[in-house]
Amino acid sequence: MSDIWINLSHDETAPKKAPAGKVNRKKEWLRRKRHNRGAKGYREGKQKNNQYRQDFRQSQTPLQNGASIKCPPASTSTQSKSLSYLASAHSSSMPPCGEKPKEPLKSSASSPGSSVSSTCKPITMSSGNPSKYVAIDCEMVGTGPKSLSELARCSIVSYEGDVIYDKFIKPSARVTDYRTRWSGIRRRDLVNAMPFTKARMEILSLIKGKVVVGHAIHNDFKVIGYCHPPELTRDTSRIPLLNQMAGIEGNKCTSLKTLTKAIFNRDIQTGNKGHSSVEDARATMELYKVVEHEWETQLAANSTAMLG
């Protein structure tokens, strides 16, 4: 009876505890596996971000900024006249460096994301009909396995900076990279967003037949799937007059953030919440209005020379 009791007390079916050393080795293996998986995801994300930057810095198409394809370089006398005009025209509207204006102007229009109101307005003088001028800015996300750029938000402002259109847009393909650091787009923004097809029709109805101002605007037209007439397109990314005012030599493509800081002494695209397309569109329109008179005069002269 004693032997039987002993055999019953030692049940062979009971789970056996693993040695402490084996448990520690398994935990270490799992920790390393999670670390390697996270490092791989970080490297892939970094590569996607670098590819997005490279796409953004691509050179723009030759047909833009008016009717002429290649404008003749301005002479030294013309450049000096332009600089003197711009300096005298904006001496009263631009505050001294490091000082704030006494009465900052506030914006009354709202947008889905954050936007910064302009504290230094350029001259609100239009060489034509102000209602014919609009500024546009789009934010993109990456879709599909190759993270192709698709439209996720579009903002259009008037000549005075009032918001005409500002909506989140749901891409037709599955979003694989929200690019929040630059686009400001998050998953929740696109849950109930407008489909791309419907949004495209609304956008085209607002910009067709108007002078459209933008910064590297060929990228915006590309994601919309639209080609605007070159004589009605104004791209502020390659304007010698703006580069001269900002102290930048040549005809190189200058970022919107750099030009806004150099000319208006105002910071945009700050923080880690991403860009605001409303803020960027307003800044683009303000830059255009700074050189509007010289720009439109030059375009008119070039058109006359081509016709003659």
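Are phenylalanine 221 and tyrosine 226 buried or exposed? Both phenylalanine 221 and tyrosine 226 are buried, a term that stands for under 20% relative accessible area, with exposed meaning over 50% and partly exposed in between (1.4 Å probe, protein chains only). The model is predicted, and therefore local features need pLDDT of at least 70 and side-chain atom pairs count only at pLDDT 80 or more, while totals for chains, interfaces and linings use all residues. Residues are numbered from 1 along each chain as its sequence is written, and side-chain values use heavy atoms, with hydrogens and water left out.

Phenylalanine 221 and tyrosine 226 form an edge-to-face aromatic pair, with 5.8 Å centre to centre and 85° between the planes. Rings of Phe, Tyr and Trp (its six-membered ring) pair if their centres lie within 6.5 Å; planes under 30 degrees apart count as stacked, over 60 as edge-to-face and the rest as tilted. By this rule there are four aromatic pairs. Tyr133, Tyr159, Tyr288 and Trp295 form one aromatic cluster. Over the face of tyrosine 159 lies lysine 289, at 4.7 Å from the ring centre; the rule asks for NZ of Lys or CZ of Arg within 6 Å of the ring centre and within 35 degrees of the ring normal.

Phe221 is one of the buried residues of helix 6. Helices (H or I, at least four residues) and strands (E, at least two) are DSSP runs, numbered from the N terminus. Because seven of the eight residues of helix 6 (residues 217-224) are buried, this helix is largely enclosed by the rest of the structure. Glycine 225 follows helix 6, and its phi is positive, near 80°.

The nonpolar cores come next. Such a core is a set of buried Ala, Val, Leu, Ile, Met, Phe, Trp, Tyr and Cys residues joined through side-chain atoms within 4.5 Å. The largest one has 25 residues, and Leu242, Met285, Leu287, Tyr288 and Val291 have the most contacts inside it. Helix 9 gives the most to this core, with six residues. Leucine 242 touches Thr236, Leu259, Ile263, Leu287 and Val291, leaving aside residues up to four places away in sequence; contact here means heavy atoms within 4.5 Å. Apart from this core lies another, of 20 residues, including Ile136, Cys154, Tyr165 and Ile207.

Charged side chains also meet in this model. Five salt bridges are found in the whole structure, each a side-chain nitrogen of Lys or Arg within 4 Å of a carboxyl oxygen of Asp or Glu. One of them joins glutamate 296 and arginine 234 (2.9 Å, N to O). This pair links distant parts of the chain, with glutamate 296 in helix 10 and arginine 234 in strand 7 (residues 233-235), 62 residues apart. Both of these residues are buried. Arginine 266 and glutamate 286 form another salt bridge, with their closest N and O atoms 3.2 Å apart, and both are buried. Lysine 261 meets aspartate 267 in a salt bridge as well (3.4 Å, N to O). Lysine 261 counts as partly exposed because its relative accessibility is 38%.

Lastly, the structure holds zero disulfides, a disulfide being a pair of cysteine sulfur atoms within 2.5 Å. The closest cysteine sulfur to that of cysteine 154 belongs to cysteine 138 and is 3.9 Å away, too far for a bond. Cysteine 154 counts as buried because its relative accessibility is 0%.
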